[in-house]
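Dear colleague,

I am passing a structure on to you, and below it I have set out what was found. Please read the notes with the model open beside them.

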Amino acid sequence: MLIFEHSREGRRAAAQAPLEKVGAKGLPERFRRRQRAPLPEVSEMQVVRHYTRLSQKNFSIDTQFYPLGSCTMKYNPRACNSLAMLPGFIDRHPLAPETHSQGFLACMFELQEMLKDVTGMKGVSLTPMAGAQGEFAGVAMIRAYHESRGDSSRTEILVPDAAHGTNPATAVMCGYTVKEIPTDRQGDVDMDALKAAVGPQTAGIMLTNPSTLGVFERRIKEIAKVIHDAGGLLYYDGANLNAILGKVRPGDMGFDVIHMNLHKTFSTPHGGGGPGAGAVGVSERLMPFRPIPVVAKEGERYRWLKKADLSQSIGQLSAFAGNAGVLLRAYIYMRMLGRDGMHRVADFSTLNANYLMARLREKGFDLAFPERRATHEFIVTLKRQAKEQGVTAMDFAKRLLDFGFHAPTTYFPLLVPECLLIEPTETEAKEALDGFVDAMAAIQAEAESDPEKVRGAPYTQPNRRFDEVRAARELDLRYVPGVAG
Amino acid sequence: MSNVPSDLKYTKSHEWVRDNGDGTVTVGVTDHAQELLGDLVFVETPEAGTNLAAEESCAVVESVKAASDVYAPLAGEVVEGNELLADAPETVNNDAYGDGWLFKLRPENADDLNGLMDADAYNKLLEEEA
């Protein structure tokens, strides 16, 4: 039931209403509404019940194992949030002068330093407000670099076909054309195709390492050499940073620019629609182009570096300095974990994935890359089940909900048919992983004995299976009073 | 097994091409391609007059699972896009080789048709991919 359907004319929440009558004085006549906005008229208790009920329908990391591949749905320690909400942080006005912001600036400076250290980059800017904006900043810096050298012949960005869809979108947003590079049978970038594609028109390559196929890009040094020899730059998509945190550094692999999803990898819930933080790290040659502001330390004082300090900067990407709350949580998380804890993130996210992969293989599931070791995630393909039992990856995903598990990512990456991309993260205990294996085995048994049951799932959720095709073809998102949804 | 008519030509990216015998060809996606994609919810076809290079991406087919590019099988000029598909994308699922055609093309060089796969070769490709 929608909140609008609870509405009765004249009903209100008196205790929540403003004390004074709020007028529209000074607002030009042409901007004023002719009729009242069709807002729901409900009591305070109705609002509380409505949204509490909705929240109880949530399938979330706080209630269930959530192995949504490529999304790193790990547990975010409560302490990171409560410390980021200390009055000294949340009461600070974003326009407060530097002299009154030394504590906050010190945290931001140290966060920049820690991110440099853990990624092997030369400089960091924290201002991009989401992963997509971090990508944009990264490729905009590549563009600024080539332009600063008067090199205008570079019109192309290379993107492997296993990449997230945001990579080609970013390249196009920055005015480049995209050339797709195929993947070989082992899941690595096809080197012959790469060498054939590289040339004086190559501005750079956007790579995710480990890739979205759940494998490490083994020839990264060779790839870096091919690109650099042609005068191009390497962009690192930080989507899968969890797998290598503190173990291997993108800077050491030869990357020139990197974005990090500080939400996701560093303790802000991912997938909630924001806010996020897509900090960028750069190599020596891209230092002048960092988005502003950046925090500098001079003696014992901290200050913002702005346009006057970084005249070649690609500019300011957000009001103030990015999403301060997300940045603070990242800072606290890193301080809590320390260097050793960072290593353990990578150790346990890959150990959990490899354990889960080995156990599912034992139960008879087919792996997309059986000869490869998993990174922090891996791919199961249900091509055989789809063919033999008529039970698809989507059917398994829906049935898993009945067993109390959030479904893994389905049908991504596009290269693998009927796939489940499974990412357990480092925060799950062995019992949760074993429970997931048991559920998968039980669903496989059902698929063989009663495939119709799996195809009809879920049975225990607030809603049964949606008609996704009809929803996409007849998109209807507007509430009209008196018209059923 | 999906349907592979013997009178058509094929590409490795799963487009089919019909020689209309009047200097134009009709292009669509194969039965196998629509089966892989599942129920289509959106189709974008190229506009008449567009000049295409061979293998240039020129149309989009989108299902609830994925959005896929469609590539020009030959270089040439678009004569007509199938306007029916904007309102009825499911036509591609129901009739991939008939009313579900995507666009008509006037090839730059009619001989290019000979470079495409015949039904036997395409069937073989499908077997390899299975």
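In chain A, the residues A:Cys107, A:Met108, A:Glu110, A:Leu111, A:Met114 and A:Val118 of H4(A) meet A:Leu327, A:Leu328, A:Ala330, A:Tyr331, A:Met334 and A:Met342 of H11(A), where contact means that the C-beta atoms, placed from the backbone, lie within 7 Å, and where helices (H or I, at least four residues) and strands (E, at least two) are DSSP runs, numbered from the N terminus. By class, this contact of H4(A) with H11(A) has 11 nonpolar, no polar and 1 charged residues, counting Ala, Val, Leu, Ile, Met, Phe, Trp, Tyr, Cys and Pro as nonpolar, Asp, Glu, Lys and Arg as charged, and the others, Gly among them, as polar.

This is a predicted model, in which local features need pLDDT of at least 70 and side-chain atom pairs count only at pLDDT 80 or more, while totals for chains, interfaces and linings use all residues. Residues are numbered from 1 along each chain as its sequence is written, and chains are lettered from A and ligands numbered from 1 in the order in which they are written.

Chain A also holds an open sheet of 7 strands with mixed pairing, in the order S1-S7-S6-S5-S4-S2-S3, and two strands pair if DSSP finds at least two bridges between them. Its edge strands, S1 (123-125) and S3 (177-181), each pair on one side only. S1(A) runs antiparallel to S7 (residues 280-282), joined by 3 bridges, and A:Val124 has A:Gly281 in S7(A) as its bridge partner.

Lastly, 6 residues of chain A are in contact with 5 residues of chain B, and the chain A side of this contact divides into 4 nonpolar, no polar and 2 charged residues.

Notes. Two residues are in contact if their C-beta atoms, placed from the backbone, lie within 7 Å.
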